[in-house]
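Notebook open, structure loaded. I want to go through the ligand site, a domain interface and a few charged side chains.

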Amino acid sequence: MTDTELEALGVVRDAELAPLTTFAVPARAAYLARVESVEALRRVLSSPLAQLPRLVLGGGSNLLLTCDFDGLVIRMEIKGIELAADDEQGRTLVIGAGCGWSETVDELLSRGWGGLENLALVPGTVGGAAVQNIGAYGLEAAERIVSVDCINARTLEERTFDVSECDYGYRTSIFKNPEYADWIVTRVALRLPRAFEPRTGYKELAALFAGAAPESPLQVAEAVKALRRRKLPDPKVLPNAGSFFKNPVVSRVKQRHLLEDMPQLVSYPLAGGRAKLAAGWLIEAVGMKGARMGRAGVYERQALVLVNLGGATGAEIKALADEVARKVWLRFGVKLEPEPVIV
Ligand SMILES: Cc1cc2nc3c(=O)[nH]c(=O)nc-3n(C[C@H](O)[C@H](O)[C@H](O)COP(=O)(O)OP(=O)(O)OC[C@H]3O[C@@H](n4cnc5c(N)ncnc54)[C@H](O)[C@@H]3O)c2cc1C
């Protein structure tokens with residue numbers, strides 16, 4: 001395609017992606033399209049660029065790029081918050097997939113609309129949150145999602161997935177299934193309850209409120225933000241992608257064996273004879289908290305977070321992640337899986 005044709009589509013050639021991801025590792029895209037509307041997205045997907053390998057980018061906060069991307073990167077920038085229904089029980093909002101999640105939570109709170117306060121300050125976009133089913137402090141995005149609007153990158157079909165079709169689970173959805181990789185999220189409908197239903201059962205939140213009921217969603221959001229700021233490094237200061245590993249789920253039998261060995265192990269029973277182990281605890285137990293390999297490190301205040309100490313490549317961060325997982329496997333026989341998408 002000629003430069004003029006690319007310009008008309010809002011596409012740039014040979015674009016640096018580091019500023020578009022929170023790990024800030026160097027990586028270039030052969031083509032970068034920033035799309036602000038479904039129409040603009042359709043135009044890009046109808047062009048010859050659609051034949052190339054494709055990567056959709058939201059806020060780049062759950063992504064580790066380990067090399068250049070020889071294809072088309074689509075940066076989702078569709079914005080807008082629309083009030084679709086307002087009744088006695090609650091409000092339904094249809095939000096552009098390119099809206100910042102944290103900014104959206106703040107905007108809704110400033111209108112006095114609660115329901116997402118436990119997910120305050122989670123980075124990334126609304127689209128990314130619907131793909132990943134973000135969760136924090138006792139709430140998952142799937143509990144508020146009503147439906148997800150998508151466009152199929154190959155056929156250009158537009159489809160609304162009802163929440164029941166999204167196959168939501170712990171940090172996962174149907175959109176992470178390779179068979180659904182062609183579906184790009186363009187808008188997400190969320191339902192917020194009108195009544196304030198504070199959720200402060202999560203251990204650290206409960207301790208903060210110490211039995212006193214919070215007065216407003218804003219108060220819960222402020223508490224969540226304070227806790228997050230204390231625990232997690234700000235990617236602008238110390239680039240990272242939040243928790244790098246999922247908390248592993250094992251059988252109760254395996255949990256029992258581990259507990260016999262190490263009664264201090266942090267774990268939670270789950271339904272169906274399973275149990276969740278605290279990945280951070282396992283990493284700390286193998287002595288990797290604060291460890292460094294080259295310019296990549298395990299955050300010294302939270303072992304679940306890997307950080308770019310300055311100038312790290314994606315490959316260096318991946319090598320450190322592999323080493324952490326190897327040590328945990330050798331010591332406990334537990335497999336750690338990365339939470340971010342590794343490209
Ligand atoms: C400091 C920090 C703290 C964090 N805390 C939490 C937390 O508490 N809880 C939690 O769950 N997560 C947390 N995360 C992870 C991250 O914020 C979420 O996973 C977020 O939802 C990712 O959204 P994104 O827009 O940045 O996605 P990206 O990183 O851009 O993309 C992630 C994946 O989703 C796909 N994708 C993104 N947008 C679309 C779209 N519109 N259509 C189709 N596919 C798409 C991408 O192709 C990629 O595969 C944290 C991250 C950081 C840096």
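Before anything else, I need my cut-off: I call a pair of N or O atoms a polar contact when they are within 3.5 Å. I also note that this is a predicted model.

**Ligand site.** I started with Ala-129, where a polar backbone atom lies 3.5 Å from an oxygen atom of the ligand. Next I looked up Gly-60, and its polar backbone atom is 2.8 Å from a ligand oxygen. For Val-56 I read 2.6 Å between a backbone N or O atom and an oxygen atom of the ligand. Then I asked how many residues surround the ligand. I got 34, and the closest are Val-56, Gly-58, Ser-61, Asn-62 and Thr-125.

**Interface of domains 1 and 2.** I looked at the contacts here: 13 residues of domain 1 meet 16 residues of domain 2. The buried area comes to about 1,200 Å², with carbon and sulfur atoms giving 64% of it. I searched for polar pairs across this interface and found five residue pairs in polar contact. Which elements supply at least two residues each on the domain 1 side? I wrote down α2 (38-45), β3 (54-57) and β5 (69-76). Of these, α2 gives the most, with four residues. By type, that side of domain 1 divides into six nonpolar, five polar and two charged residues.

I then turned to charge pairs at the interface. Side chains of opposite charge can pair when their charged atoms come close. The rule finds two salt bridges between domain 1 and domain 2. I also looked up Arg-54, which forms a salt bridge with Asp-182, their closest N and O atoms being 2.8 Å apart.

**Whole structure.** My search over everything returned 23 salt bridges. I picked out Lys-225 and Asp-106, which form one with the closest N and O atoms 2.9 Å apart. This pair links distant parts of the chain, 119 residues apart: Lys-225 sits in helix α6 (residues 217-231) and Asp-106 in helix α3 (residues 101-110).

**Glu-316.** Last entry. I placed Glu-316 in helix α9, which covers residues 314-332. Where does its side chain go? It reaches the backbone nitrogen of Thr-313 at 2.9 Å. Leaving out residues up to four places away in sequence, I listed Gly-294, Arg-295, Ala-296 and Gly-311 as what Glu-316 touches.

Methods. Residues numbered from 1 in each chain as written. Predicted model: local features only at pLDDT ≥ 70, side-chain atom pairs only at ≥ 80, totals over all residues. Heavy atoms only, no water. Contact = heavy atoms within 4.5 Å. Buried area = accessible area lost by both parts, 1.4 Å probe. Salt bridge = Lys/Arg side-chain N within 4 Å of Asp/Glu carboxyl O. Polar contact = N/O pair within 3.5 Å; in protein donor to acceptor, adjacent residues only side chain to side chain. Nonpolar A, V, L, I, M, F, W, Y, C, P; charged D, E, K, R; others polar. Near = heavy atom within 4 Å.
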